[in-house]
Amino acid sequence: MKRRFNITGSCIPERHYMVRLDDRMKQIQEDYIEYGSYFVINRGRQYGKTTTLRALEEYLKDEYLVLSLDFQEISSKKFSDETMFSKAFADKFRHALQNTDKDYKDNLVKILSDFRADTPDVGLDDLFECLSDLCRQSLQPVVLMIDEVDSASNNQVFIDFLAQLRALYLKRDKVPTFHSVILAGVYHIKNLKLKIRKESEHQYNSPWNIAEDFDAAMSFSSSQIAAMLEEYETDHQTGMDIPNIAEEIFQYTSGYPVLVSSICKYIDEKFNRAWSKKGVEAAVKKILDDSIPLFESMIRHLSEYPEMKKMFQTILFQGKPFSYNPYTKEINLACMFGYTVNNDGIVQIANRIFETQLYNYFFSEEELSNAIVNTAKKTIISTTITRTKGIC
């Protein structure tokens, strides 16, 4: 099958040129899964979270029963009360189980089928008793992965679901439960609670305080980009200078996955495979000129969080450094969205492409504001002159 660079959805090795994830998978298994950790993979939009989960599911499947769910597949209506949510979760869980290649899965599927048939007024406590029974009878440790937890961000039922997971986690020396749980989304769980609880309440009291901090690197290094380009070059024989092109791409993107793939895709498909410094520059300009989901999210967040916008303007136009403090809401959010990084205790814009896009947006906003003010002044002056003539 022919492969191409991908910037929409998760990457599939057989279909797409992508950075090799073996080292990342090994690190996650050794640092988190083997210890039975519960954790959250929260990174900015299009940062490779879903691709990582897919690769991890494949990597772990021989030693664990890995069940992967996506909360985008559960409608918002079913998060409105715990009965609907519990039924929907059980159905998605059963479907994931049926798609595994485990020869013992039929017994586990029956547990869920009997649960759905025998418990019409199911609640979260009933659901978790069933899941505990399933974990008890599984022949391998069960790893639960849930993608797009942001889909549940405005629902108290989801917070109650997390509380149930936490309760079983704290009793897992006595009660069978999941070996490891991995949640993935842009927002960290404690930030999800900001959307639900009143501002007067404590903002960081999360039922997910059992989670290990996830600090595995998910941005691409120059050498990882080069390895991806080597696979491409094997197929196309362009004669590119792989180390220099990889480093040039890294300098613009700092390894932000979708930006790396976007540059490569534009060079390959829009610029006649011009694998050169000028080709990279042309691809970057095209990315900045296009309306892409990543930048649309950035502009929306500037509107939603005006203090974060002021911070960016201060950094870019005044050159004033901000000390990194994870408890400052705007700094926390900017890093969580992937727009900034903590560079030796100083908040820094994550990459040159983001810097340029922010500059362009702020300049455009200023120009528009000045044009509106000038037009208003001319209108006022014109109206004043007209009225003065009328009085005369």
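# Briefing on a predicted structure

Tyr32 counts as buried, at 5% relative accessibility. This residue belongs to a predicted model, in which four strands form an open, parallel sheet. The largest nonpolar core has 77 residues, and another core of 46 residues lies apart from it. The structure also holds 32 aromatic pairs.

**The sheet**

- The strand order in the open sheet is E3-E6-E5-E4, and the pairing is parallel.
- Strand E3 (38-42) and strand E4 (65-70) stand at the edges with a single partner strand each, so one side of each has no neighbour in the sheet.
- From one strand to the next, the twist averages 15°.
- E4 is joined to strand E5 (residues 142-147) by six bridges, and Leu65 stands opposite Val142 in E5.
- Helix H2 (residues 49-60) packs on the sheet, where it touches E3, E4, E5 and strand E6 (180-185). The direction of H2 makes about 165° with that of E5.

**Strand E6 and its partners**

- Five bridges join E3 to E6 in parallel, with Ile41 opposite Ala184 in E6.
- E5 pairs with E6 over four bridges, also in the parallel sense, and Leu144 stands opposite Val181 in E6.
- Six of the six residues of E6 are buried, so this strand is largely enclosed by the rest of the structure.
- In a regular strand, side chains alternate between the two faces of the sheet.
- Both faces of E6 are covered: Ser180, Ile182 and Ala184 are buried on one side, and Val181, Leu183 and Gly185 are buried on the other.

**Nonpolar cores**

- In soluble globular proteins, nonpolar side chains tend to be buried together.
- Within the largest nonpolar core, Leu229, Ile263, Phe312 and Phe354 touch the most other members.
- Helix H10 (residues 257-269) provides the largest share of this core, with seven residues.
- Leaving aside residues up to four places away in sequence, Ile263 touches Ile249, Tyr252, Thr253, Val280, Ala283, Val284, Ile287 and Ile353.
- The other core, of 46 residues, includes Phe85, Phe89, Leu108 and Trp208.

**Aromatic residues**

- Phe5 and Tyr232 have ring centres 5.3 Å apart and planes at 35°, so they form a tilted pair.
- Because Phe5 lies in strand E1 and Tyr232 in helix H8 (residues 222-236), this pair ties together parts that are 227 residues apart in sequence.
- Both partners are buried: Phe5 has a relative accessible area of 1%, and Tyr232 has one of 0%.
- Tyr32 forms a tilted aromatic pair with Phe39, at 4.9 Å centre to centre and 40° between the planes. Phe39 counts as buried, at 0% relative accessibility.
- One aromatic cluster is formed by Phe71, Phe79, Phe85, Phe89, Phe93, Phe128, Phe158, Phe161 and Phe178.

**Ser10 and the cysteines**

- Ser10 is found in the loop between strand E1 (4-5) and strand E2 (16-17).
- Ser10 has a relative accessible area of 18%, which is under the 20% cut-off, so Ser10 counts as buried.
- Not counting residues up to four places away in sequence, Ser10 touches His16, Thr50, Thr51 and Arg54.
- The count of disulfides comes to zero.
- Cys130 is in no disulfide, because its nearest cysteine sulfur, that of Cys135, is 9.6 Å away, whereas a disulfide requires sulfur atoms within 2.5 Å.
- Cys130 is buried, with a relative accessible area of 7%.

Key
Residues numbered from 1 in each chain as written. Predicted model: local features only at pLDDT ≥ 70, side-chain atom pairs only at ≥ 80, totals over all residues. Heavy atoms only, no water. Pairing = 2+ DSSP bridges. Helix = DSSP H or I, 4+ residues; strand = E, 2+ residues; numbered from the N terminus. Axes fitted to C-alpha atoms, helices over the stretch in contact; angles between N-to-C directions. Contact = heavy atoms within 4.5 Å. Core = buried A, V, L, I, M, F, W, Y, C linked by side-chain atoms within 4.5 Å. Buried < 20%, exposed > 50% of the residue type's maximum accessible area, 1.4 Å probe, protein only. Phe/Tyr/Trp six-rings, centres within 6.5 Å; stacked < 30°, edge-to-face > 60°.
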